[in-house]
Amino acid sequence: MGGLKDELLKAIWHAFTALDLDRSGKVSKSQLKVLSHNLCTVLKVPHDPVALEEHFRDDDEGPVSNQGYMPYLNKFILEKVQDNFDKIEFNRMCWTLCVKKNLTKSPLLISEDDAFKVWVIFNFLSEDKYPLIIVPEEIEYLLKKLTEAMGGGWQQEQFEHYKINFDDNKDGLSAWELIELIGNGQFSKGMDRQTVSMAINEVFNELILDVLKQGYMMKKGHKRKNWTERWFVLKPNIISYYVSEDLKDKKGDILLDESCCVESLPDKDGKKCLFLIKCFDKTFEISASDKKKKQEWIQAIHSTIHLLKLGSPPPYKEARQRRKELRRKMLAEQEELERQMKELQTANENKQQELESVRKKLEEAASRAADEEKKRLQTQVELQARFSTELEREKLIRQQMEEQVAQKSSELEQYLQRVRELEAMYLKLQEALEDERQARQDEETVRKLQARLLEEESSKRAELEKWHLAQQQAIQTTEAEKQELEQQRVMKEQALQEAMAQLEQLELERKQALEQYEGVKKKLEMATNMTKSWKDKVAHHEGLIRLIEPGSKNPHLITNWGPAAFTQAELEEREKCWKEKKTTE
């Protein structure tokens, strides 16, 4: 309920600021009364008109500020809200109050309905602080989603150039600046209005309407068992199907829970790309348009059921939460870094104060040494003047004094040398501090570069792991194919050996048949020779014996032993000749 309340407050904030015409942070009670009544209506919150009139009656207290309106809004409206209202209608009401005041008058590439959808997406992606803004990271995420939906390529360099020109005094864009950015076509060059509108609608369906996937598929009826085309819409806990994609005629719902499952089915009854959704009390047979669509729907439904089992939010909401947590973490790290820098700056100032104190002490010591030198010279002059007459008598004393003077001069020279060393050390300390400051700047630059490299390395490592898994699968597939080919090779070798054995057997049979042919040929030649001699012997007795020759085409006589060797005419001629010979004898 807390997340729903935060989302409602963002849209109500836009409506409240739109009613604040003079930007004083206050709105008249009459306007707040109308706003509260409209909110109760669209949010389906029961309210008492009498109590509403009593709360916002005109008195001498004047208009109400945002902070003054919040207690009533929380107690009488937001705490009574249930998740049974039309979110689009609620957002449309708040949009109507603020659009005329804030939307730019310059022509945009997108329609007002597309601008409304961008406004709702802004409320979803904006930070949970007021005035509402969307940070550059979320702008980049939204523009990438739109570019992918339009089928274009993301221009990272163009967005980096846009970030460089971003106002340093601003942490992000307002809703109207975001609408103008998308509407002026800066990141959608080469795309027509329809393509941009379809991309905005696709991102709106995913982020706002919780549409994980949608499209046409065939569904088998439970009563008539006929197949009908329906427009399916997958959400985190339900699949709704309609007559068409305008979502006007809803035909039914498939409620998803932890016990549901999805299975692939083989082709049957002339239907291809089938899969089955099993629920607690019903099963649904569905046919996709192709294998790719079938696999995409099975994967999407399986992922949705898995998230229900884990109790996790949809992926895009979880990703938005991770991005917000990452930004909070980076902000905390930045604040910690600033704190450390302030501590270092304070330590540096303390060091500088210590060095200044040392320098002052050195100057005081040098001043005291100069005063002592002046006093020593003055004392020396006085002694020379006082004891000029007693020079010889005080020669030993003078020598002692000269030795003391020499010693004092040596100590003074050492002292001055120490002063020069301290001054050089002070200059080196200043150079070291400057080097430390430059090193910290370089360290910050290297840290940012290292963070970016680590991010790129993690993405590349993920890609390499995907490639490695794909390679492992390909190797396993190749090994299986190799084993199958080896089995086929062994079978072919066995078949080849059997064929070789059969060929050798056929060769042996061919040689035997050739030998038989040669024997038959010899017998045929012998039979031919015998036939020739036999034909000569029976040439004179042609009437009794006649060699078998090809028969004529005339009808043959049929005997008990088969077709006769003579025709009927030949037989009558031979019979006539035989009778004449017999008569002659």
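## Helix α5

A polar contact is a pair of N or O atoms within 3.5 Å; within protein, one must be able to donate a hydrogen and the other to accept it, and residues adjacent in sequence count only if both atoms are side-chain atoms. At the start of α5, a side-chain oxygen of D86 lies within 3.0 Å of the backbone nitrogen of I88. The model is predicted, with local features requiring pLDDT of at least 70 and side-chain atom pairs pLDDT 80 or more, while totals for chains, interfaces and linings use all residues. Residues are numbered from 1 along each chain as its sequence is written, and side-chain values use heavy atoms, without hydrogens and water.

Helix α5 (residues 87-102) comprises 16 residues; helices are DSSP runs of H or I with at least four residues, numbered from the N terminus. A bend of about 35° occurs in α5 at T96 (the angle between axes fitted to the seven residues ending there and the seven starting there). Its buried residues (under 20% relative accessible area, 1.4 Å probe, protein chains only; exposed is over 50%, partly exposed in between) are F90, N91, M93, C94, W95, C98 and V99.

## Aromatic pairs

Nine aromatic pairs occur in the structure (ring centres of Phe, Tyr or the six-membered ring of Trp within 6.5 Å; planes under 30 degrees apart are stacked, over 60 edge-to-face, the rest tilted). The W13 and Y130 rings have centres 5.7 Å apart and planes at 45°, so this pair is tilted. W13 belongs to helix α1 (residues 2-19), whereas Y130 lies in the loop between α6 (112-125) and α7 (136-150), 117 residues apart. W13 counts as buried at 18% relative accessibility, and Y130 as partly exposed at 41%.

W95, F116, W119 and W176 are linked into a cluster by ring pairs.

Notes. Helix = DSSP H or I, 4+ residues; strand = E, 2+ residues; numbered from the N terminus. Expected span 1.5 Å × (residues − 1).
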